[in-house]
Amino acid sequence: KSIVDCLADVPGEIGIDHFTLAITEASTLIVTNDIGRASVCMAQLQRLLHRQVIPEKHPERVHQTLAFLRSRLAFLGGNFSHGLDIVDKALAQYPQTNAATAVLLFNRASGLFALGQLQAARQDAQRALTELQTLALSGYTNSVQMLLGQIELAQGTPELARKRFLALDQPLPANMPRSFYDLYRHLGLGLVLLQQNRLEQATQCLNQAEVIALHFPHSAGLPWVLHYQACTLAAQGDLPQARERWDEVRRLAREFKLYALYRQANACRARLAVREDDQAFIAQWLKDWHWCQRRYGHELQPEEWLAYAWVQRYLGQHQAAQSIVGNLQEQARAEDNQQLQVDLYLLQATLHEDHDERSATLAVLEQAMQLAAHHGFGQLLQHEGRPFRELFKQLLNPAPR
């Protein structure tokens, strides 16, 4: 926060042509996710590069810095494939190992995770963490730990994620204030508790994360916190509050140009609209969906595909919904994405239930329950699973067991 304030006070005629200041600002922007300032910083670095006002000792650093800014902007903006291309080219052309290459690896891992490619994302994130720790860097590593914890949650190892987030609570001197990076500990633990259906505790953790995010107004971290708060509210069955929170996330994400988050929150909001029979929102969301598909093809987030399948089922297009389920199940198996598989079982059970196929419905719910029990998932009765409460009770009776 202090660094950002200081940079904001630097006179324009000094800051515009100063390489060290430009690099310093770029380093703060990978934390704050301020897309507007990042774009200005990129233009500044490109001017310095064109005028050759760069250090002779490590000229590759400016190229790496530009690459991690561009790839981060691509990820935040939802253009994942473009971001991955930027990282691949930068690592091939400037392979020198330093903090910048670690950030590039983290950016690539973020893009891969967004596209559901968990195995490759985990490898890149672990490499980034190892390189940053080798350089004795701390703080920023919490964002990498957050990504690794999210992958562990998706792959059905919540206890590993819980231990990872608990380990982020490092003792500090009594007079030293907590930093922005503490947000990741509270946010991560909130996600673990949400997955375990310990919703009151999840709410407390997410509220602590919100307090930290509000204390650092330069950061665009608040919309992510609000998004997971909305997920928790929806899990608790408080749909009006969840709707309001997601609408606020969408507003903030548009304001900060965080279109990857906007699309993710939009997908959750669309699934809520299906449950509430909100035809107006569904129609608007479909316009967004088709725009994204025209622009990015099939390179969309699994959350978006899942939402589209629920909407297709709502519109009576069961064959289209089933086709999406099949594609996502193939990805879930390849990437060991157990969280996605549970969601797909619930959608598949709903499709069977629509056709009064009770035996098939129970068989799929049995698979969902077995998977959830094996991995310690507690969210079967959240969201679209809530209508299956009585069927799950039947499966728990002594005779079926």
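Start with the aromatic rings: this predicted model holds nine aromatic pairs. Select F180 and Y181. Their rings form an edge-to-face pair, with 6.0 Å centre to centre and 65° between the planes. F180 counts as buried because its relative accessibility is 8%, and the cut-off for buried is under 20%.

Next, select W289 and Y308. This aromatic pair is stacked, at 4.1 Å centre to centre and 10° between the planes. W289 lies in helix α16 (residues 279-296) and Y308 in helix α17 (residues 302-314), so the pair ties together parts that are 19 residues apart in sequence. Are these two residues buried or exposed? W289 counts as buried at 2% relative accessibility, and Y308 counts as buried at 15%.

Ring pairs link W285, W289, W305 and Y308 into a cluster.

Now show α16 and α17 as whole helices. Two packed helices are described by the angle between their axes and the distance between the axes. Here the axes of α16 and α17 come within 11 Å and cross at roughly 135°. The two helices are therefore oblique to each other, and their crossing is left-handed. Which residues make the contact? On the α16 side, select Q279, I282, W285, L286, W289, H290, C292 and Q293. On the α17 side, select E304, W305, A307, Y308, V311 and Y314.

For the last stop, select R269 and F281. The charged end of R269 sits over the ring of F281, 4.2 Å from the ring's centre.

Key
Residues are numbered from 1 along each chain as its sequence is written. This is a predicted model: local features need pLDDT of at least 70, side-chain atom pairs count only at pLDDT 80 or more; totals for chains, interfaces and linings use all residues. Side-chain values use heavy atoms; hydrogens and water are left out. Rings of Phe, Tyr and Trp (its six-membered ring) pair if their centres lie within 6.5 Å; planes under 30 degrees apart count as stacked, over 60 as edge-to-face and the rest as tilted. Buried means under 20% relative accessible area, exposed over 50%, partly exposed in between (1.4 Å probe, protein chains only). Helices (H or I, at least four residues) and strands (E, at least two) are DSSP runs, numbered from the N terminus. A charge sits over a ring if NZ of Lys or CZ of Arg is within 6 Å of the ring centre and within 35 degrees of the ring normal. Axes are lines fitted to C-alpha atoms, for helices over the stretch in contact, and angles run from 0 to 180 degrees between N-to-C directions. Angles under 35 degrees count as roughly parallel, over 145 as roughly antiparallel, 65 to 115 as roughly perpendicular and the rest as oblique. A crossing is left-handed if the near helix is turned anticlockwise from the far one by less than a right angle, and right-handed if clockwise. Contact means heavy atoms within 4.5 Å.
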